[in-house]
Amino acid sequence: MANFNVDSSGNLWIGTGVSDSFYTAQSQANTKFYVTSAGSINAIAGTIGGNTLGSNYIQSSNYSSSSGSEAGWKITSTGNADFNNVNIRGDLFGVELKDTLTLNSGTFRTSSSGTRVEITDNSSLESEVRYYNSSNLSLIHI
């Protein structure tokens with residue numbers, strides 16, 4: 001059975017054959033779970049509100065990356081993420097768009113002003129491409 005330890009400061013830790021000292025136990029591989037008296041939790045895996053916490057990822061309980069049945073979401077410790085839909089409020093930096101970009105109403109702009117290219121999904125036209133110079137004058141309209 002795992003050792004269940006609580007020290008006089010209120011720190012709690014669990015593990016098999018771990019130190020009686022909380023500060024030593026924190027760095028031992030057999031300490032699988034601890035809670036500091038300040039409320040910080042360390043666990044190697046678990047479930048939080050139905051979401052799975054792994055050693056290098058967190059994901060929804062319904063996550064699937066199988067082709068044709070993709071569902072849920074996953075974020076890895078390497079910075080990779082899978083989501084179905086994303087709303088970004090603010091700037092999106094450092095991206096490289098790959099594959100197909102589908103525009104369903106709205107405008108895709110290389111900049112909000114000055115020299116730029118705009119692609120607009122216009123209901124009266126199939127699509128619209130405009131090139132603007134620094135004076136905000138549309139040079140070419142396709």
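Biologist: In which sense do strand β3 (residues 31-35) and β4 pair, and over how many bridges?

Modeller: In general, the strands of a sheet pair through backbone hydrogen bonds, either parallel or antiparallel. Here β3 and β4 pair in the antiparallel sense over three bridges, where a pair of strands needs at least two DSSP bridges, and where the elements are DSSP runs numbered from the N terminus (strands E, at least two residues; helices H or I, at least four). One of the facing pairs is Y34 with its bridge partner N42 in β4. Please keep in mind that this is a predicted model, in which local features need pLDDT of at least 70 and side-chain atom pairs count only at pLDDT 80 or more, whereas totals for chains, interfaces and linings use all residues. Residues are numbered from 1 along each chain as its sequence is written, and side-chain values use heavy atoms, with hydrogens and water left out.

Biologist: What is the order of the four strands in the open sheet?

Modeller: The order is β1-β2-β3-β4, with antiparallel pairing, and the edge strands, each pairing on one side only, are β1 and β4 (41-43). From one strand to the next the twist averages 15 degrees, as an angle between N-to-C directions of lines fitted to C-alpha atoms, on a scale from 0 to 180 degrees.

Biologist: Is N11 buried or exposed?

Modeller: N11 sits in the loop between β1 (3-6) and β2 (12-15), and N11 counts as buried because its relative accessibility is 2%; buried means under 20% relative accessible area, exposed over 50% and partly exposed in between, with a 1.4 Å probe and protein chains only. Leaving aside residues up to four places away in sequence, N11 touches N5, V6, F22, Y23, V35, T36 and S37, a contact being heavy atoms within 4.5 Å.

Biologist: Where is K98, by contrast?

Modeller: K98 belongs to the loop between β9 (81-82) and β10 (106-109), and with a relative accessible area of 63% K98 is exposed. The C-alpha atoms of K98 and T78 are 20 Å apart, and these residues are 20 apart in sequence.

Biologist: Which strands form the open sheet of five?

Modeller: That sheet has the order β5-β6-β7-β8-β9, again antiparallel, with β5 (46-48) and β9 as edge strands that each pair on one side only. Three bridges join β5 to the antiparallel strand β6 (residues 51-53), and G46 stands opposite L53 in β6.

Biologist: How many helices and strands are there in the chain?

Modeller: The chain has one helix and 13 strands. Its radius of gyration is 26 Å, well over the 14 Å that the globule rule gives for 142 residues, so the chain is more spread out than a compact globule; the radius is taken over C-alpha atoms, and the rule is 2.2 Å times the number of residues to the power 0.38. Along the principal axes, the C-alpha atoms fill a box of roughly 75 × 40 × 20 Å. Of the 142 residues, 16% count as buried, and among contacts between residues at least 6 apart in sequence, 3% join residues at least 24 apart.
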